[in-house]
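Subject: Structure handover

Hello,

Here is the structure I promised to pass on. Please open it first, then read my notes below.

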Amino acid sequence: MGSVSDYDVMSGAEQMLSAFGVDFEKKVISAHRTPDLMYGYVKGARDRGVGVIIAGAGGAAHLAGVAAGLTTLPVIAVPMQTKSLGGLDSLLSMVQMPTGIPVATVAIGGAKNAAILAVEILALSDPALKEKLDGYRKQQAEKIINTTI
């Protein structure tokens, strides 16, 4: 995440990844204030066994875009709510990437969905994780089916 203040939102990704039993790293890195740290962290991600990067940031929100420019790992962006533009600035910074450097982007504050998308990507090559994901989806459907008004 770009700032420690993003953790309130990004903790949702942590909760979802933990629920699926997916190992993860969490770190505060600023694309603007700590570019050398950013470079080293992203460049070494694949060697550390990282399969997907989830990047949450607000304002100019270049964290996900810079990460995507440094790796061919999938990058999922989580735009943060901002005071000045409500997060629209973050969202637009993330979705307006140049051709060839894609960044998957979820809703403003959508860290839980970012984690689920990461799980879906990882489940493509992990049958046990696919089973957990299928079970999660089944539970979601059952909650709706069993709802009474």
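Phe20 is buried, at 5% relative accessibility (buried means under 20% relative accessible area, exposed over 50% and partly exposed in between, with a 1.4 Å probe and protein chains only). Tyr136 is partly exposed, with a relative accessible area of 21%. These two residues form an aromatic pair. A search of the whole structure finds one such pair. Its centres are 5.4 Å apart, with 65 degrees between the planes, which makes the pair edge-to-face. The rule takes rings of Phe, Tyr and Trp (its six-membered ring) with centres within 6.5 Å; planes under 30 degrees apart are stacked, over 60 edge-to-face and the rest tilted. The pair links distant parts of the chain, 116 residues apart. Phe20 sits in the loop between α1 and α2 (35-43), and Tyr136 in helix α6 (residues 127-145). Helices (H or I, at least four residues) and strands (E, at least two) are DSSP runs, numbered from the N terminus.

Some background on the model. It is predicted, so local features need pLDDT of at least 70 and side-chain atom pairs count only at pLDDT 80 or more, while totals for chains, interfaces and linings use all residues. Residues are numbered from 1 along each chain as its sequence is written, and side-chain values use heavy atoms, leaving out hydrogens and water.

Next, a helix pair. Helix α1 (residues 7-19) packs on helix α5 (residues 111-123) at an angle of about 35 degrees, and the axes are 7 Å apart. Axes are lines fitted to C-alpha atoms, for helices over the stretch in contact, and angles run from 0 to 180 degrees between N-to-C directions. On the α1 side, the contact includes Val9, Met10 and Leu17. On the α5 side, Ala115, Ile116 and Val119 are among the residues involved. Contact means heavy atoms within 4.5 Å.

Val119 of α5 is buried, at 0% relative accessibility. Not counting residues up to four places away in sequence, Val119 touches Leu17, Phe20, Val22, Leu129 and Leu133.

Now helix α3 (residues 63-70). Six of its eight residues are buried, so α3 is largely enclosed by the rest of the structure. The buried residues are Leu63, Ala64, Gly65, Ala67, Ala68 and Leu70. They pack against α2, β1 (53-57) and β2 (75-79).

Ala61 lies in the loop between β1 and α3. Ala61 is buried too, with a relative accessible area of 4%. Although not a glycine, Ala61 has a positive phi of about 55 degrees. Leaving aside neighbours within four places in sequence, Ala61 is in contact with Ser90, Ser93 and Met94.

One last item. Arg48 lies over the face of Tyr41, 4.3 Å from the ring centre (a charge sits over a ring if NZ of Lys or CZ of Arg is within 6 Å of the ring centre and within 35 degrees of the ring normal).

Best wishes
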